[in-house]
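Let's learn to read a protein structure together, one feature at a time.

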Amino acid sequence: MVTIASLWFAIVISAAVVFAASTVVWMVLPFHKSDFKPVSDEAAARAALKGLAPGMYNIPHMASWDEAKTPEGAQKLEQGPNAFLTVLPNGKPNMGKQLSIWFVYSLIVGTIVAYLTSRTLGAGADYLSVFRIAGTTAWLAYGMAAVQDAIWLGRPWSYVLKGQFDAVLYGLLTAGVFGWQWPVM
């Protein structure tokens, strides 16, 4: 049996490789630059949102779906705008903290990949078998939450497809590391 502890190097290296790849994807490649659009009157929107505490909001807000059945609630939904809004703390984003959390997340994904792959395959498994299980697991972990965001929060499907491209890339890289580092008998 392959232990998760025996895969610690693969976990760390896969997280580092994904971290580096995501840096290139988000900082160098151009296709994520169109993910967000400007509002038509940013100054007015900023003024209207001033003072909101960090958190998630919805417009129109209804305490329950029963409210949507009332004439007033139905009218609000029909007239719009309908939006989900995430408000972040004021000030410059703390990229160091966010990047650290991303790296920890990648370590967690690597640990999940190690767990599932080690329970599915034994020592000495061939590279392609390890690649297939590890890659599928990593792709699921990195990519599927974006689909839920499109279904329930209205994220554009183009955003989800770009996220799936990222997830496939991260999954392939993770799979390659695990295949390379898989214990031989």
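**Reading the model step by step**

A: H2 is followed by Gly-51, whose phi is positive, near 95°. Helices (H or I, at least four residues) and strands (E, at least two) are DSSP runs, numbered from the N terminus. This is a predicted model: local features need pLDDT of at least 70, side-chain atom pairs count only at pLDDT 80 or more, and totals for chains, interfaces and linings use all residues. Residues are numbered from 1 along each chain as its sequence is written, and side-chain values use heavy atoms, with hydrogens and water left out.

Q: How many of the eight residues of H2 are buried?

A: Start with the words: buried means under 20% relative accessible area, exposed over 50%, and partly exposed in between (1.4 Å probe, protein chains only). In H2 the number of buried residues is zero out of eight, so this helix lies largely in the open.

Q: And Phe-36: is that residue buried or exposed?

A: Phe-36 sits in the loop between H1 and H2. Its relative accessible area is 61%, so Phe-36 is exposed. Phe-36 and Ala-141 are 105 residues apart in sequence, and their C-alpha atoms are 24 Å apart in space.

Q: Which residues touch the most other members of the largest nonpolar core?

A: The general idea comes first. In soluble globular proteins, nonpolar side chains tend to be buried together. A nonpolar core is a set of buried Ala, Val, Leu, Ile, Met, Phe, Trp, Tyr and Cys residues joined through side-chain atoms within 4.5 Å. Here the largest core has 22 residues, and those touching the most other members are Leu-7, Val-113, Tyr-142, Tyr-170, Phe-178 and Trp-182. Two or more residues of this core come from each of H1, helix H5 (95–120), helix H6 (127–153) and helix H7 (157–181).

Q: What is Phe-178 in contact with?

A: Contact means heavy atoms within 4.5 Å. Setting aside neighbours within four places in sequence, the partners of Phe-178 include Leu-7, Ile-11, Ser-14, Val-113 and Val-130. Take Ser-14 from that list: it lies in helix H1 and is buried, with a relative accessible area of 2%. Not counting residues up to four places away in sequence, Ser-14 touches Gly-110, Thr-174, Val-177 and Phe-178.

Q: How many aromatic pairs does a search of the whole structure find?

A: Rings of Phe, Tyr and Trp (its six-membered ring) pair if their centres lie within 6.5 Å; planes under 30 degrees apart count as stacked, over 60 as edge-to-face and the rest as tilted. The search finds eleven aromatic pairs. In one of them, Phe-31 and Phe-165 have ring centres 5.2 Å apart and planes at 85°, so the pair is edge-to-face. This pair links distant parts of the chain, 134 residues apart: Phe-31 is in the loop between H1 and helix H2 (42–49), and Phe-165 is in helix H7. Phe-31 is partly exposed at 25% relative accessibility, and Phe-165 is partly exposed at 45%.

Q: Why is the pair of Tyr-105 and Tyr-142 edge-to-face?

A: Their ring centres are 6.0 Å apart and their planes stand at 75°, so the pair is edge-to-face. Tyr-105 lies in helix H5 and Tyr-142 in helix H6, so the pair ties together parts that are 37 residues apart in sequence. Tyr-105 is partly exposed at 34%, while Tyr-142 is buried at 14%. Ring pairs also link Trp-102, Tyr-105, Tyr-142 and Tyr-170 into a cluster.

Q: How many salt bridges does the structure hold?

A: A salt bridge is a side-chain nitrogen of Lys or Arg within 4 Å of a carboxyl oxygen of Asp or Glu. The structure holds two. In one, the side chains of Lys-162 and Asp-35 meet at 2.9 Å, N to O. That pair links Lys-162 in helix H7 with Asp-35 in the loop between H1 and H2, 127 residues apart. Lys-162 counts as buried at 16% relative accessibility, and Asp-35 is buried at 12%. Asp-66 and Lys-69 also meet in a salt bridge, at 3.6 Å, N to O. Asp-66 is exposed at 52%, and Lys-69 is exposed at 66%.
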